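Here are some friendly notes to go with the model on your screen.

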Amino acid sequence: MSENHHRDQGGRLGTVSPGAVQPTVPDDLVAMLDLLAQTIVQALGFGVAAVNIARPGGSLEVVSVAGDDDARRMLLGTVHSAEVWDQILAVSEPWGRLRFADHRNEAANQELYSWVPDIVPITAEDAWHPEDALFAPLTAKDGSRLGILSVDLPQDGLRPNQTTCRALEAFAVSTALAIEHATLRSRAESSERSLKLLATHDSLTGVGNRSMLFDRLDHAASARVEHRTLLALAFIDLDGFKAINDRHTHDVDDHILRAVAHQILSAVRPHDTVVRWGGDEFLVLLEQLDSETAGLEVAERILAAVAEPIRHRDQEFGVTASLGVAFCRAVDEIDAEELVRRADCAMYQVKRVGPNAFAVFDDVSDPAS
């Protein structure tokens, strides 16, 4: 069958092509809609059944097509504006929950269709015309639009009878429930991810927070000795940030903190953990170190990255960092809070000497010794 044997289900000339559209619904929902559409084709005797889902912004995307393979290839993934569908439904006859687009309706605008089936209708009074179409609006419990189920080309060449229409209405209800259930589940999962993100990440910079740091330190400490590796904790305090804070607005402060977080991330390894401790202080957990030298190399990269000038609008700002490093060997029994204290102590050694440098914690210089 050639391409002009199919109707674009509500499509408009100039509609987005299938290849230009990215999937917008989860695979399990698509599988369910494919099954429903295929059942409609097989059980109710239509040549084509298509499911359009409402997208953010109001447009509708064809996510499932059953029937002829060419129809599926042409329609699947196309996106149509809500206005086009509103025009079609506005001039369609209400058939219960369904809407019938009758080719004899002078108000119907056939230019909204990209394809018309190349068929010759039979001579019966209730024959299906190539420019007829049947739709089922899919709505949520609150009345909002979920999508549209459309069918075409009844295999007997006749308009569907009352029994077929009632069956199609039932399929439309099932389709709407499937979409609404998937939408609610997706929203719940998104909310859960957002809550988890807020619980473990700093809202300003996007890096981790104290909760993430202690969780990963506790995880490292709970591992068996034979599975542990050398790790280090770097405590970073910005030099010169207070002066910027005193002279400029919070907008400038926030921009600098976000930029510094990005600079630190660019200097560490992919599996290292960067967190904002608070204010202008950051910590970096370095795990799976081959040697202390490897950890100090990361510390040097962090210092160099933080010292890079930061531009904001028409101004350039410069900050450096004082950095303290505390190592923890596989055999050491050091809790998370003690490791943070040691890294903080080493950082203050730098503060007493001068900025833009790092120091390593040692028991001799520890005031708590």
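Does Asp102 count as buried or exposed? Asp102 counts as buried, at 7% relative accessibility; buried means under 20% relative accessible area, exposed over 50%, and partly exposed in between, with a 1.4 Å probe and protein chains only.

Two housekeeping remarks before the points. This is a predicted model, where local features need pLDDT of at least 70 and side-chain atom pairs count only at pLDDT 80 or more, while totals for chains, interfaces and linings use all residues. Residues are numbered from 1 along each chain as its sequence is written, and side-chain values use heavy atoms, with hydrogens and water left out.

1. Let us stay with Asp102. Asp102 sits in the loop between β5 (98-101) and β6 (133-139); helices (H or I, at least four residues) and strands (E, at least two) are DSSP runs numbered from the N terminus. The side chains of Asp102 and Arg159 are joined by a polar contact of 3.4 Å. Such a contact is a pair of N or O atoms within 3.5 Å; within protein, one must be able to donate a hydrogen and the other to accept it, and residues adjacent in sequence count only if both atoms are side-chain atoms.

2. Next, look at what surrounds that pair. Asp102, Arg104, Asp132 and Arg159 are linked in a network of salt bridges, a salt bridge being a side-chain nitrogen of Lys or Arg within 4 Å of a carboxyl oxygen of Asp or Glu. Between Arg159 and Asp132, the closest N and O atoms are 3.9 Å apart. Arg159 lies in the loop between β7 (145-154) and α4 (162-200) and Asp132 in the loop between β5 and β6, so the pair ties together parts that are 27 residues apart in sequence. Both Arg159 and Asp132 are buried.

3. Phe100 belongs to strand β5 and is buried, with a relative accessible area of 0%. From Phe100 to Arg159 the C-alpha to C-alpha distance is 9.7 Å, although the two are 59 residues apart in sequence.

4. In the whole structure there are 17 salt bridges. One of them pairs Arg276 with Asp202, with 3.3 Å between the closest N and O atoms. Arg276 lies in strand β9 (residues 273-278) and Asp202 in the loop between α4 and α5 (210-222), so this pair ties together parts that are 74 residues apart in sequence. Arg276 is buried at 16% relative accessible area, and Asp202 is buried at 14%.

5. Another salt bridge joins Arg55 and Glu61, whose closest N and O atoms are 3.4 Å apart. Here Arg55 is partly exposed, with a relative accessible area of 25%, whereas Glu61 is buried at 4%.

6. Please also check two backbone angles. Most residues other than glycine have a negative phi. Leu153, in strand β7, has a positive phi of about 55° and is buried, with a relative accessible area of 18%. Asn356 has a positive phi near 55°; Asn356 is placed in the loop between α9 and β14 (357-360) and is partly exposed at 38% relative accessibility.

7. Finally, a word on Asp335. Asp335 is found in the loop between β13 (320-328) and α9 (336-353) and is partly exposed, with a relative accessible area of 48%.
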